[in-house]
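Please look over the model below before reading on. My notes follow it as numbered points.

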Amino acid sequence: MKILVLNCGSSSIKYKLFDMTSGEVIASGGVEKLGLPGSFLQVKLPGGEKKTLKREMAEHTAGVEFILKTLVDPQYGAIASLTEIDAVGHRIVHGGEHFNRSVLLDEQALKVIESCNDLAPLHNPANLKGVAAIAETMPNVPQVGVFDTAFHQTMPDYAYLYAIPYELYERYGIRRYGFHGTSHRYIAQRVCEFLDIRAKGTRLITCHIGNGVSIAAVKDGQCIDTTMGLTPLEGCVMGTRSGDIDAGAVTYIMEKEGLDAKGVSNLLNKQSGMLGITGISSDMREIETAIAQGNQRAILAEKIYFYRIRKYIGAYAAALGGVDVIAFAGGVGENQWNSREYSCEGMEYLGVKLDKALNRSIQRSTLRECLVSATDSKVKVVVIPTDEELMIATDTMHILGHK
């Protein structure tokens with residue numbers, strides 16, 4: 001069974017084509033600068049090299065059509081005919097309170113997803129455009145939606161509600177939803193398989209650390225709390241997002257800077273975080289270079305970044321009544337040794353003890369699932385490279401009745 005996975009953003013489309021019989025990725029790539037001058041499709045070839053194919057693509061239908069055309073291209077393609085694609089799985093960012101699992105995207109499901117657009121105005125409409133593009137170009141192929149918010153729907157009400165007038169929750173659905181749920185679900189499942197332990201009875205903290213950062217407390221295989229909220233802005237410091245901030249500070253900034261709602265949203269989502277503190281970049285690799293050169297703001301930013309992560313790990317250990325496993329994933333969590341060492345610093349009282357030499361030895365080129373805690377550590381610390389696309393493909397297969 002071959003399943004195409006699409007992740008449609010406002011100006012990008014990422015894709016992977018899986019042969020689920022072998023679990024192999026037989027094609028992958030992505031469209032960038034969609035709807036902008038200079039748009040292009042970058043294809044990853046079988047040997048690992050990348051090829052950039054330039055084409056003006058005004059909107060998502062054109063982008064999806066170009067991806068499909070490239071998949072069957074004699075030079076760059078991976079399949080002989082589009083009829084080989086049995087289904088398409090889509091990342092859908094926000095399912096509100098309506099979806100706690102992946103679903104077949106029929107007319108009713110699409111209407112419900114559209115009703116959640118106000119909760120994710122930059123993401124859901126783009127996700128739906130991808131669904132529409134496939135429906136237009138491959139009308140007989142079934143499509144499945146996999147939601148970023150679904151895994152977190154097991155949070156209890158006292159964890160997801162904000163202390164604002166309850167009527168605002170009833171009227172507008174204002175509450176903590178959480179994101180990166182597909183990644184957290186993959187990590188939670190895979191770490192138990194890797195360690196050969198049961199989800200039942202395990203207290204797990206999953207750390208998705210990349211340009212976006214979120215942490216989840218997982219008990220008995222179910223999420224009981226997570227750092228992101230109504231939007232992905234809440235929680236940890238991120239590449240360009242502020243994370244937690246006093247709401248009074250937000251209104252104060254609005255008054256002083258003369259910002260409207262759109263302006264302050266742009267400030268907190270796109271100009272803050274590591275970029276805002278360093279004034280250099282949102283990319284941790286560039287920030288690490290600046291730190292090596294003695295840049296004091298970069299040094300400060302890194303301290304703030306890891307302090308917030310460490311604080312949430314401690315908070316979730318309390319919420320779980322202890323912790324058995326801490327799992328790290330995401331671009332930073334997987335690839336930078338200091339993300340794990342600094343995030344676990346000073347946690348010996350919880351029973352966390354890293355094997356620092358082993359942890360520091362892990363390089364991008366040798367990235368793999370790895371236990372990095374010391375043999376006498378009471379808490380296991382594990383690196384689990386996340387695979388959201390595989391999770392989406394697997395869900396799609398199961399929804400359609402294939403095992």
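1. Ground rules. This is a predicted model, in which local features need pLDDT of at least 70, side-chain atom pairs count only at pLDDT 80 or more, and totals for chains, interfaces and linings use all residues. Residues are numbered from 1 along each chain as its sequence is written, and side-chain values use heavy atoms, with hydrogens and water left out.

2. The sheet. Start with the overall order. The open sheet is built from 8 strands, running S5-S4-S3-S2-S1-S6-S8-S7, with mixed pairing. S5 and strand S7 (103-104) are the edge strands; each has a single partner strand, so one side of each lacks a neighbour in the sheet. Strands here are DSSP runs of E, at least two residues long, and helices are runs of H or I, at least four residues long; both are numbered from the N terminus. Two strands pair if DSSP finds at least two bridges between them.

3. Strand S4 and its partners. S4 covers residues 40-44. On one side, strand S3 (residues 24-32) pairs with S4 in the antiparallel sense, over 5 bridges. Gly29 stands opposite Val43 of S4. S4 is also joined to strand S5 (residues 50-54) by 5 bridges, and these two run antiparallel. Here Lys44 faces Lys50 of S5. The hairpin of S4 and S5 has 5 residues between the strands, and in it Gly48 takes a positive phi near 100°.

4. Two faces of S4. Which residues of S4 lie on the covered face, and which on the uncovered one? Leu41 and Val43 are on the covered face, while Phe40, Gln42 and Lys44 are on the uncovered face. In a regular strand, side chains alternate between the two faces of the sheet.

5. A parallel pair. Strand S6 (residues 85-92) and strand S8 (residues 143-147) are paired in the parallel sense, again through bridges, 5 in number. Val88 has Gln143 in S8 as its bridge partner.

6. Ala27. This residue is found in strand S3. Is Ala27 buried or exposed? Ala27 counts as buried, at 11% relative accessibility. The cut-offs are as follows: buried is under 20% relative accessible area, exposed is over 50%, and partly exposed is in between (1.4 Å probe, protein chains only). Setting aside neighbours within four places in sequence, Ala27 is in contact with Tyr15, Lys16, Leu17, Leu71 and Ala78. Contact means heavy atoms within 4.5 Å. Ala27 and Thr396 are 369 residues apart along the chain, yet their C-alpha atoms are separated by 17 Å.

7. Helix H10. This helix spans residues 284-292, and its buried residues include Met284, Ile287, Ala290 and Ile291. These four sit on the same side of H10, because they cover an arc of only 115° around the axis. The arc is that of the directions from the helix axis to the C-beta atoms. Arg285 and Ala292 are exposed on the other side of H10. The cover over the buried residues includes helix H9 (273-278), helix H11 (296-320) and helix H12 (330-335).

8. Aromatic pairs. The whole structure has 7 of them. Tyr160 and Tyr169 make a tilted pair, at 6.3 Å centre to centre and 45° between the planes. Tyr160 is buried at 13% relative accessible area, and Tyr169 is buried at 14%. Trp337 and Tyr342 form an edge-to-face pair, at 5.9 Å centre to centre with 75° between the planes. Both are partly exposed: Trp337 at 27% and Tyr342 at 24%. Ring pairs also link Tyr305, Phe306, Trp337 and Tyr342 into a cluster. Rings of Phe, Tyr and Trp (its six-membered ring) pair if their centres lie within 6.5 Å; planes under 30 degrees apart are stacked, over 60 edge-to-face, and the rest tilted.

9. Charges over rings. Arg55 lies over the face of Phe66, 4.2 Å from the ring centre. Arg175 lies over the face of Tyr177, at 4.7 Å from the ring centre. The rule asks for NZ of Lys or CZ of Arg within 6 Å of the ring centre and within 35 degrees of the ring normal.

10. Cysteines. A disulfide is counted when two cysteine sulfur atoms are within 2.5 Å. By this rule there are 0 disulfides. For Cys207, the nearest cysteine sulfur is that of Cys344, 7.4 Å away. Cys207 is buried, at 0% relative accessible area.
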